[in-house]
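Student: I would like to go through this structure piece by piece. Can we begin with a pair of packed helices and then turn to a strand?

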Amino acid sequence: MPASKKAAMLLASATLLTMSTTAPAFADGEPDGKDKPKPPASMSTVGGALLGKPGTQVKLKAGAPVLPKDLSARSWMVSDAESGEVLAAHNAHWRLPPASTLKMLFADTVLPKFPKTQKHKVALADLEGIGAGSSMVGIKENETYSVHDLWLGVFLRSGNDAVHVLSAMNDGVDKTVKDMQEHAENLQALDTHVVSPDGYDAKGQVSSAYDLTLFARSGLQKKDFREYCSTATAQFPGETKKVTKGKDKGKTKRGSFGIQNTNKLLTGDLGISPYKGIAGVKNGSTTNAGNTFTGVAERGGKVLLVTVMNPSSGEAHAVYKETERLFDWGFKAAGKVDPVGELVAPRGSTGAGKGAPGGGKSGSAAANMTHASDDGASGMGVALAVTGGVIAVLAAGVFVVRRRMPLPGQSGRRPGQD
């Protein structure tokens, strides 16, 4: 073979390794089934032009691992939580029903408004308008709850009753929806249209894998958000009842009951183990949305965000299994792929100016970053240390995620221990 022809073939092969693909780049090369809904031919380009294209977008360099097979989600995205680089995406801006992953936006919007020690006595009106079949934590009328209790109900049990009580404290559902929409627009999450604060199916309520990732990244800037989304188990206040037996007969006493986080990558379940390094954030499931999930995990000094929307494989725990595969790929692929886009900063943040009108690049060089340990602890153990491990802060006005060593002795502890 002539040397010139051989060189041309090598160049073409190298180009294929680094090009963005518009057909799924699965290991088995099989395309989506013909019966699946199709994404729009063009979508938002916030974060980069490639993210507005349908199909899988990835730029593999030599030695990069192939994307995992058995990915059936309508939309997914893998991002570096610190730099904001999008490592790979599939229909990133497809506007789809979000289910309870929208609660990340709710929390990021409302959580800063009330101190966690504030108390609220629940009125019947606070619980009006909750959708039939909603997930509930078990809030009762005429009982008093702390804001801390209510947020545990939102994050652990995905309690729509807790969302409605907090919305009532925020001057009502309509006001809360308006606040959430404004906050989404400030974050440049322009695929999102908010109709209900809890993510319950509602006509016109949509978000995207890109926007949900923005919500998670913004929420993780807040210490309380990190605490709640990484909590595996907690005690929740019960009803106040009269004691009918014993020395306290005739007196009233309020009990409590245990609640567990519905994020199965955090707590595990039959057929699924806690994911090593998981530190939140939120899962969801409704009739229109199917199953949705956004997670954050740390391994080997790298913090990744993965969002998966509506897998259709029929595999048990598909949304978690596909998230696991994407996390595993992302940790192996770090440094071996070129980014296909970026997570833009909120409007007005330092470094804004690229990727979308009014904002852009996430200042990854803003601060010296130390690394969380990779000590082989269980996912729940690492998640327990999230306030000392996967630390997200606003540093010098730049929107970044920072890390530092876990607090001594935390990484091996189990949730619920002091």
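Tutor: This is a predicted model. In it, Leu 105, Phe 106, Asp 108, Thr 109 and Val 110 of H2 meet Thr 176, Asp 179, Met 180, His 183 and Ala 184 of H5.

Student: How many of the residues in the contact of H2 with H5 are nonpolar?

Tutor: Two of the contact residues are charged and three are polar. The nonpolar ones number five.

Student: Are H2 and H5 roughly parallel or roughly perpendicular?

Tutor: Helix H2 covers residues 103-110 and helix H5 covers residues 173-186. Their axes lie 9 Å apart, at an angle of about 95°. Angles of 65 to 115 degrees count as roughly perpendicular. H2 and H5 are therefore roughly perpendicular.

Student: Now the strand. How many residues of S3 are buried?

Tutor: Strand S3 spans residues 85-90 and is mostly covered. Of its six residues, the buried ones number five.

Student: Which residue of S3 is the bridge partner of Gln 57?

Tutor: Strand S1, residues 56-60, runs antiparallel to S3, with three bridges joining them. Within S3, Gln 57 has as its bridge partner Ala 89.

Student: What is the bridge partner of Val 86 in S12?

Tutor: Strand S12 covers residues 341-342. Two bridges join S12 to S3, and the strands run antiparallel. The partner of Val 86 is Gly 341.

Notes: Residues numbered from 1 in each chain as written. Predicted model: local features only at pLDDT ≥ 70, side-chain atom pairs only at ≥ 80, totals over all residues. Heavy atoms only, no water. Axes fitted to C-alpha atoms, helices over the stretch in contact; angles between N-to-C directions. Helix = DSSP H or I, 4+ residues; strand = E, 2+ residues; numbered from the N terminus. Parallel < 35°, antiparallel > 145°, perpendicular 65-115°, else oblique. Contact = heavy atoms within 4.5 Å. Nonpolar A, V, L, I, M, F, W, Y, C, P; charged D, E, K, R; others polar. Buried < 20%, exposed > 50% of the residue type's maximum accessible area, 1.4 Å probe, protein only. Pairing = 2+ DSSP bridges.
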